Amino acid sequence: MPSNMNSTCGEEEKWNSELSLYAVFYGIIVIPGILGNSVALWVLIGNIRREKKAIIFMINLAIADLAHMLTLPLRVFYYITHSWPFGKFMCLFCFYLKFVNMYASILFLVCISVQRCVFLISPFKYSTWKRRYDVAISITGWLIVIVMCLPFPIMRTTESFNSSRCFADLPTKQVMLQSSIFMLTAAELLGFLGPLIIIVVCTWKTTESLRVKSTLTNNQGGKKALNLLLMCAVVFLVCFAPYHVLFLLNQLRKMNAITDCSMRMNILILHSLSLCLASMNACLDPIIYYFVTNEFREQLSRTGSFLLRSRHWSRESTTSR
């Protein structure tokens, strides 16, 4: 096996479109992501007393998405100019925040799926469930995600930091093989396979429950719960499944466990694309709120009507003058 496969195959140098891909993709999603999640937070917080089902988890999901979206303009600047004048701390913080957003989003998608499934199957739990339980789960979840994502910035070398290298361009520290295997296994099991199994089981349980109840009554609430779970599953599979599959392969590439140059190049390209998809969840999550939360649609409708009336009154006032 070659001692330095990167220099032998040269895939890092050949794949010079990576930064342009990030700049274009992040530039496209940043405005919809910021606007969508800002509106989502405003509406969800405004209806926090009216809706019990998963609204706390939705608010936390919107916070995670908005925090990541607010860092994208800095990322776009770096990918366009190939320069990072904002300092080492901001470089590591933005790098860290991307992974916090991803795993916090996965966590809260799982929480939303589990809660809707449990409330549908056991309606009694809905009447006895307290909102403070959701708050406690959210705080605990944030602490777990914050701690578990710390290895991502810690594993980057910044002693010789300069403005020309940031994010994934930062050198990676050398670690023992056992430590690498442990971190990879934890990321894949806790961040991907475990949540995937939970979401699939919740969707299956909800479908089975609706199949039984549909013979007795027209369960509109159950159908909405199933739609929510299906949309959570779609967001998870589209945005996070490709990254975790390619993350494992990319680590094998970096460890030179994969020697074929063509395969190494394909893995690098697909890994870059999967990183883009992982950020797209911030644009897809507000769609979940809109299509499955009645209060969200009602509030947007009321807001739209208010803005139209305000615009009409403004025109009448201007005309009367």
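Modeller: A residue is called buried under 20% relative accessible area, exposed over 50%, and partly exposed in between. Please keep in mind that this is a predicted model. Along the way H4 bends by about 30° at Leu-72, with a proline, Pro-73, following within four residues, and after the helix comes His-82, whose phi is positive, near 55°. Because 19 of its 27 residues are buried, H4 is largely enclosed by the rest of the structure.

Turning to the rings, the count of aromatic pairs comes to 22. One of them joins Tyr-79 and Phe-167 in a tilted arrangement, 6.0 Å centre to centre with 50° between the planes. This pair links distant parts of the chain, since Tyr-79 lies in helix H4 whereas Phe-167 lies in the loop between helix H8 and helix H9, 88 residues apart. Both Tyr-79 and Phe-167 are buried. Another pair, Phe-89 and Phe-93, counts as stacked because the ring centres are 5.9 Å apart and the planes are at 10°. Phe-89 is exposed at 62% relative accessibility, while Phe-93, with a relative accessible area of 33%, is partly exposed.

Returning to Phe-167, the charged end of Arg-75 sits over its ring, 4.1 Å from the centre, and Phe-167 also belongs to one aromatic cluster whose members include Phe-77, Tyr-78, Tyr-79 and Trp-84.

Key
Residues numbered from 1 in each chain as written. Predicted model: local features only at pLDDT ≥ 70, side-chain atom pairs only at ≥ 80, totals over all residues. Heavy atoms only, no water. Bend = angle between axes of the 7 residues up to and from the residue. Helix = DSSP H or I, 4+ residues; strand = E, 2+ residues; numbered from the N terminus. Buried < 20%, exposed > 50% of the residue type's maximum accessible area, 1.4 Å probe, protein only. Phe/Tyr/Trp six-rings, centres within 6.5 Å; stacked < 30°, edge-to-face > 60°. Lys NZ or Arg CZ within 6 Å of the ring centre and 35° of its normal.
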